[in-house]
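Please read it beside the structure.

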Amino acid sequence: ERIAMLHQPTRAEREQGGGGGLPNWTISVGELDLDTIRIAEAVTGQEARLTAQGSLSRSGRGWQASLDVQRTDSGEDRILVEALIGEDVLDVDAQLIAPAGGPLTALMRTRDSRIEADLTLSGTDEDGTGQLEVRADGEAAITGEMGWEAGLLEIEAQARPARWPGLDMLDELLGGSGDLSLAVRLRQDSLFKPDLSAVTARIRAPRLSADISRAGSDQLAVTVNEAAGLVTQLTNERVQAGSLTAEGILTVPGDRSFEGEVAAQELNLGFARFGRVRGPVTVTGPLSRPDVVTVLESENARFDNAQLQAALGASPSVDAHMIYSRETGDLSFEALTLSGEGGEIEAQGLLNPGSGSFSARLTESRIEVGAFRPDSGGTLRLTGQASGEITGPLDFSLTADGSEFSGQLETLLGDRLDANAEGRWQGGRNV
């Protein structure tokens with residue numbers, strides 16, 4: 001018999017829900033013998049020919065199956081499976097050999113590395129153990145052990161993403177090797193009937209620590225105990241955090257989203273540093289360009305710009321809708337309100353935390369004069385535009401409306417002010 005694969009398969013829409021379990025088969029016991037399986041060049045980058053041999057038989061202990069798929073024109077590509085499944089027995093041995101440059105590594109998108117894997121399961125469908133090891137170029141990339149009994153499947157695995165081709169970003173995010181623990185309830189105590197609505201997971205790595213559980217058909221309840229590495233990696237080291245924690249609901253299908261509470265310690269934005277930041281946050285879209293809506297309170301804020309420090313003080317709050325670009329490091333503010341000891345600033349614009357450059361349109365700002373001049377009082381409302389560097393120089397075009405002046409400012413200007421101003425602030429008091 002001959003089989004030809006001419007193009008890569010496309011993913012079909014999956015129905016929601018569903019469970020596990022063996023299908024209710026009606027079959028004829030026999031053998032599989034395919035002399036030629038041809039995989040076209042369009043599928044794996046080179047044409048390949050394989051054979052497949054297998055058998056399926058029924059004995060007193062259960063179903064016994066075997067499958068042997070191997071490449072015949074060159075290379076060592078091979079898949080071997082031996083399985084015995086019955087009411088009182090479950091034994092599975094599987095092996096994968098995928099040399100670099102072969103069709104199997106092409107399908108796994110690891111073309112330049114040799115991939116090998118071994119899986120064993122032993123016991124019954126109600127009680128047993130298993131082991132998994134996946135190697136890349138001879139080094140263990142994934143190792144795991146599993147056990148199931150009393151209606152519970154537990155998996156303990158260790159991942160070393162640096163050893164897997166193309167996972168450098170994940171390795172940076174985790175800070176090295178990571179441990180994964182997974183627990184799944186089993187319906188009727190059967191390994192083949194997992195209850196996917198009751199899955200819990202735990203991730204532990206140098207830069208990421210999280211606990212995850214199902215919160216609905218499409219949602220996960222996530223508690224992040226530590227993810228400072230996530231901030232560093234996603235911002236290309238433009239933003240640093242001593243620690244980052246979060247708790248909320250992650251919606252997986254479609255446009256991924258997270259809604260919950262976040263808290264950061266020792267947050268460094270380059271032009272400003274905060275001892276603590278916390279508040280509700282909603283994040284949607286891809287990690288490369290997340291859309292963020294948040295209201296954050298802060299403590300122990302320190303700004304490089306003295307005027308900004310005077311206006312916002314040590315505990316400013318932020319109400320923002322922003323989009324972050326990982327490629328450029330820019331924060332695009334659809335709406336921004338900064339509130340502090342010296343007043344409130346409402347604006348739209350663009351900010352790059354790493355360089356401190358920005359452009360902004362002030363839609364409504366209220367400044368308390370006393371925050372800048374202890375010898376004076378009053379309120380100043382500003383609208384206009386500004387662009388440049390947070391610490392100067394920056395160009396501005398402003399309209400000012402002041403009232404209720406007192407002290408030295410009243411002596412100079414009276415009790416009201418209406419003015420337009422354009423210019424460049426060089427930093428400090430140089431305008």
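Glu47 and Arg38 form a salt bridge, with the closest N and O atoms 3.9 Å apart. A salt bridge here is a side-chain nitrogen of Lys or Arg within 4 Å of a carboxyl oxygen of Asp or Glu. This is a predicted model: local features need pLDDT of at least 70, side-chain atom pairs count only at pLDDT 80 or more, and totals for chains, interfaces and linings use all residues. Residues are numbered from 1 along each chain as its sequence is written, and side-chain values use heavy atoms, leaving out hydrogens and water.

**Confidence**
- The chain has a mean pLDDT (the predictor's confidence in each residue, from 0 to 100) of 86, and 92% of its residues reach 70 or more.
- Residues 17–28 have pLDDT below 50; this stretch makes 10 contacts (heavy atoms within 4.5 Å) in the model beyond near neighbours in sequence.
- Where pLDDT is low, predicted coordinates should not be read in detail.

**Salt bridges**
- The count comes to 19 salt bridges.
- Glu47 is partly exposed, at 38% relative accessible area. Buried means under 20% relative accessible area, exposed over 50%, and partly exposed in between (1.4 Å probe, protein chains only).
- Arg38 is also partly exposed, at 25%.
- Arg114 pairs with Glu116 in a salt bridge, the closest N and O atoms being 3.4 Å apart. Arg114 is partly exposed at 24%, whereas Glu116 is buried at 17%.
- Arg114 and Glu116 belong to a salt-bridge network with Glu76, Asp118, Glu133 and Arg135.
- Asp401 and Arg416 meet in a salt bridge of 3.2 Å, N to O. The pair links distant parts of the chain, 15 residues apart: Asp401 lies in strand β24 (residues 394–406) and Arg416 in strand β25 (residues 416–425). Strands are DSSP runs (E, at least two residues), numbered from the N terminus.
- Asp401 is partly exposed at 32%, and so is Arg416 at 44%.

**Nonpolar cores**
- A nonpolar core is a set of buried Ala, Val, Leu, Ile, Met, Phe, Trp, Tyr and Cys residues joined through side-chain atoms within 4.5 Å.
- The largest has 52 residues; those touching the most other members include Phe274, Phe333 and Leu380.
- A second, separate core has 11 residues, among them Val92 and Met146.
- Beyond four places in sequence, the residues that Leu380 touches include Ile367, Asp401 and Phe405.

**Thr251**
- Thr251 lies in strand β15 (residues 240–251).
- Outside four places in sequence, Thr251 contacts Asp218, Gln219, Arg256 and Ser257.

How values were computed: Helix = DSSP H or I, 4+ residues; strand = E, 2+ residues; numbered from the N terminus.
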